Amino acid sequence: MHVTGSCHCGFIAYEAEVDPATARICHCRDCQKLSGSAFRANVRAEIGKFRLLSGEPAIYIKTAESGNKRAHAFCPKCGSPVYTTALEQPAPHNLRIGALDQRAELKPRRRIWCDSMITWSEDISGIEKIGGQ
Ligand SMILES: [Zn+2]
Ligand SMILES: [Zn+2]
């Protein structure tokens, strides 16, 4: 599936081919911290299927408890997270679904790191809904 994405300020734009079956939610603590949100939704672009169209992301190297290092790319102007990938390239890119134009079509199929889930994020259906602000 062809997708297009950009950061909030528009400095960074990109396109990719993703497999919708890889769309998933991550409840790990790192995703909570790095996104500032309760969880993060990602989809995978396989090797060679991600292309930057404009801008140059800043890179934060995250070291996991396992010692594994990941490159987290974000916009240097607005801070929007864009993707993660391995330090050694070529490697797949995990794209942030919220930054993609096709986000509504990429319903996650799986949830991972559920042991660190914020308990209220398990089910938000009972929280009051308001159409705008
Ligand atoms: Zn930006
Ligand atoms: Zn995570």
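Which residues is Leu95 in contact with, leaving aside its neighbours within four places in sequence? The legends below answer this and describe the surroundings. This is a predicted model, in which local features need pLDDT of at least 70, side-chain atom pairs count only at pLDDT 80 or more, and totals for chains, interfaces and linings use all residues. Residues are numbered from 1 along each chain as its sequence is written, while chains are lettered from A and ligands numbered from 1 in the order in which they are written.

**View 1. The contacts of Leu95.** Leaving aside neighbours within four places in sequence, Leu95 is in contact with Gly5, Ala16, Val18, Asn42, Val43, Ala45, Tyr83 and Leu100. Two residues are in contact if their C-beta atoms, placed from the backbone, lie within 7 Å.

View 2. Helices (H or I, at least four residues) and strands (E, at least two) are DSSP runs, numbered from the N terminus. S8 covers residues 93–96. Both of its faces are covered: His93 and Leu95 on one side, and Asn94 and Arg96 on the other, are all buried. A residue is buried if 20 or more other C-beta atoms lie within 10 Å of its own, exposed if 12 or fewer, and partly exposed in between, with C-beta atoms placed from the backbone. S4 and S8 pair in the antiparallel sense over four bridges, and Leu95 is the bridge partner of Val43. S7 and S8 also pair in the antiparallel sense, over three bridges, with Asn94 as the bridge partner of Thr84. Two strands pair if DSSP finds at least two bridges between them.

**View 3. The largest nonpolar core.** This core has 25 residues, and those with the most contacts inside it are Ala16, Val18, Val43, Val82, Leu95, Ile97 and Leu100. At least two core residues come from each of S2 (13–18), S3 (24–26), S4 (40–54), S6 (69–74) and S7. The largest share, four residues, is supplied by S4. A nonpolar core is a set of buried Ala, Val, Leu, Ile, Met, Phe, Trp, Tyr and Cys residues joined through C-beta atoms within 7 Å.

**View 4. The cis peptide bond at Pro90.** S7 and S8 form a hairpin with six residues between them, and Pro90 has its place in the loop between these strands. A cis peptide bond, with omega about 5°, joins Gln89 and Pro90.

**View 5. The backbone at Trp113.** Trp113 is found in the segment after S9. Its phi is positive, at about 55°, although Trp113 is not a glycine. Most residues other than glycine have a negative phi, and most peptide bonds are trans. Trp113 counts as partly exposed because it has 16 C-beta neighbours inside 10 Å.

**View 6. Arg103 in its loop.** Arg103 lies in the loop between S8 and S9 (110–112). Leaving aside neighbours within four places in sequence, Arg103 is in contact with Ile97 and Gly98. The C-alpha atoms of Arg103 and Ala23 are separated by 10.0 Å, and these residues are 80 apart along the chain. Arg103 is partly exposed, with 16 other C-beta atoms within 10 Å.

**View 7. The setting of the close-ups.** The protein chain has one helix and nine strands, in the pattern β-β-β-α-β-β-β-β-β-β along the sequence. Of its 133 residues, 28% count as buried.
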